[in-house]
Amino acid sequence: MLRSLFTAAALAIAGMPPLPAQELAATPPMGWNSWNHFEAKIDDKTVREIADAMVSSGMRDAGYVYVNIDDTWEGERDAQGNILANSKFPDMKALADYVHGKGLKIGIYSSPGPKTCAEYEGSYKHEEQDARTYAAWGIDYLKYDWCSASKVYLRSDMPKIYKLMADALKATGRPIVYSLCQYGMDKVWEWGARSGGNLWRTTGDIEDKWKSMESIGFKQNGLEKYAGPGHWNDPDMLEVGNGGMTATEYRAHLSLWSLLAAPLLAGNDLRSMPSETAGILTNREVVAIDQDALGKQGYRVAQEGANEVWAKPLAGGEWAIGLFNRGPETAKVTVRWKDFGLSGKHRVRDLWAHHDRGNQKDQFWYEVPSHGVVLLRVK
Ligand code: GLA
């Protein structure tokens, strides 16, 4: 509270409007989203089964609470202009009740344009009405995807158009996390929070490939000053468990997203998740880095060829450190305390091996497999 008052005061002095007060998304949102695995093959039955699996797999108890339906749920509008779901979703309110009954929250998707990216009905000229419908259904999260809005609005209108839906959501009185999706155009990180966003995509769509994941993830360096409690950079949803990367690469993916304080939205089929995948996603020591109360996004502190050291300041003066090897062979990656402004001895814990690695002084190295990570917590 004090901190946000201070930020508001500092911004007011700088002549900028203060950031809107935010109670939602104090830490980066965690949950699941249908798009990466199911795309258009998502329906009421599958969402219910996913909600069941969120509980039985331990995902919910590890912190993943939002069950987010992405594009292709939308039907026509009725005579009064109310948005209806299509035949895949016979009763949205009943589905939301089911998901809530599991101790989970539910999210939905729309576009400020006339059509969504998959050509379904968007919210153009129906913003307040749609927000009211979502609230009446019991929706807790909206992803709002630019798509066809480029046909009806000027690009320079974007901050205003995103704010329109933020205000409509707020007017419902229901707390609804607001996710901006416009692929990082026009430096959205500079205005996304002022448009009411709790998170905003910083890039185009992720693919389930090392090349895609690494080029998105490592490109986030420099955006750290725009993230904080209530408003986060979103480098897109997780691909962990979708089959296009190795377990080593998926551990690097989750580690990097956690260092980035990124939203953690699993994108795999939780109903048939092998224990190795579940073990990666529900590693609580890793998730705790993402969810750290200080709410700082990490950044690169050192780079030598394909070796990179990333760091995230944590509450209580602790640090998370990621040693990454983007190269094709196993490599020794070196950490130097002076890069962190630290000196002397510090105790380090390996968050994937789940064991303490003792005290380290000045500089030290670990062997890191190709496309892998060693993720440490420094006390
Ligand atoms: C865009 C978004 C994706 C997904 C699809 C749905 O590509 O970036 O995350 O929501 O639309 O059509």
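This is a predicted model: local features need pLDDT of at least 70, side-chain atom pairs count only at pLDDT 80 or more; totals for chains, interfaces and linings use all residues.

**Glu 119 and its loop.** I started at Glu 119, which sits in the loop between S5 and H6; helices (H or I, at least four residues) and strands (E, at least two) are DSSP runs, numbered from the N terminus. Its phi is positive, about 75°, although Glu 119 is not a glycine. Most residues other than glycine have a negative phi, and that made me stop here. Glu 119 counts as exposed, at 57% relative accessibility. My cut-offs are under 20% relative accessible area for buried, over 50% for exposed, and partly exposed in between, with a 1.4 Å probe and protein chains only.

Residues are numbered from 1 along each chain as its sequence is written, and side-chain values use heavy atoms, with hydrogens and water left out.

**Another positive phi.** I also looked up Ala 25, a residue other than glycine with a positive phi near 55°. Ala 25 is in the loop between helix H1 (2–13) and strand S1 (30–33). Ala 25 is buried, with a relative accessible area of 12%.

**Cysteines.** How many disulfides are there? I get 1 disulfide, taking a disulfide as a pair of cysteine sulfur atoms within 2.5 Å. The partners are Cys 117 and Cys 147, with their sulfur atoms 1.9 Å apart. Cys 117 is in the loop between strand S5 (105–110) and helix H6 (127–137), while Cys 147 is in the loop between strand S6 (141–145) and helix H7 (149–152). The pair links distant parts of the chain, 30 residues apart. The torsion about the S-S bond is about -95°, so I wrote this disulfide down as left-handed.

Cys 117 is partly exposed at 44% relative accessible area, whereas Cys 147 is buried at 14%. Cys 181 is in no disulfide, and the nearest cysteine sulfur, that of Cys 117, is 6.6 Å away. Cys 181 is buried, with a relative accessible area of 1%.

**Thr 116.** Thr 116 lies in the loop between S5 and H6. Buried or exposed? Thr 116 counts as buried, at 2% relative accessibility. Its side chain joins that of Asp 71 in a polar contact of 2.9 Å. For polar contacts I use a pair of N or O atoms within 3.5 Å; within protein, one must be able to donate a hydrogen and the other to accept it, and residues adjacent in sequence count only if both atoms are side-chain atoms.

**Ligand.** Asp 71 took me to the ligand, where an N or O atom of its side chain is 2.9 Å from a ligand oxygen atom. Lys 143 has a side-chain N or O atom 2.8 Å from an oxygen atom of the ligand. For Asp 205, a polar side-chain atom lies 2.5 Å from a ligand oxygen. Taken alone the ligand exposes 310 Å², and the protein buries 92% of that; these areas come from the Shrake-Rupley method with a 1.4 Å probe, and for residues only the protein chains shown count as cover.

In total 13 residues surround the ligand, and the closest are Asp 70, Asp 71, Lys 143, Asp 145 and Asp 205. To be near, a residue needs a heavy atom within 4 Å. I sorted the shell into 7 nonpolar, no polar and 6 charged residues. In that sorting, Ala, Val, Leu, Ile, Met, Phe, Trp, Tyr, Cys and Pro are nonpolar, Asp, Glu, Lys and Arg are charged, and the others, Gly among them, are polar.

**Arg 349.** I found Arg 349 in strand S15 (residues 345–350). Its side chain makes a polar contact with the side chain of Asp 356 (3.2 Å) and reaches the backbone oxygen of His 354 at 3.4 Å.

**Lys 41.** Lys 41 is in the loop between helix H2 (35–38) and helix H3 (44–56). Lys 41 counts as exposed, at 71% relative accessibility.

**Whole protein.** I counted 13 helices and 18 strands. Of the 379 residues, 56% count as buried. The C-alpha atoms fill a box of roughly 70 × 55 × 35 Å along the principal axes.
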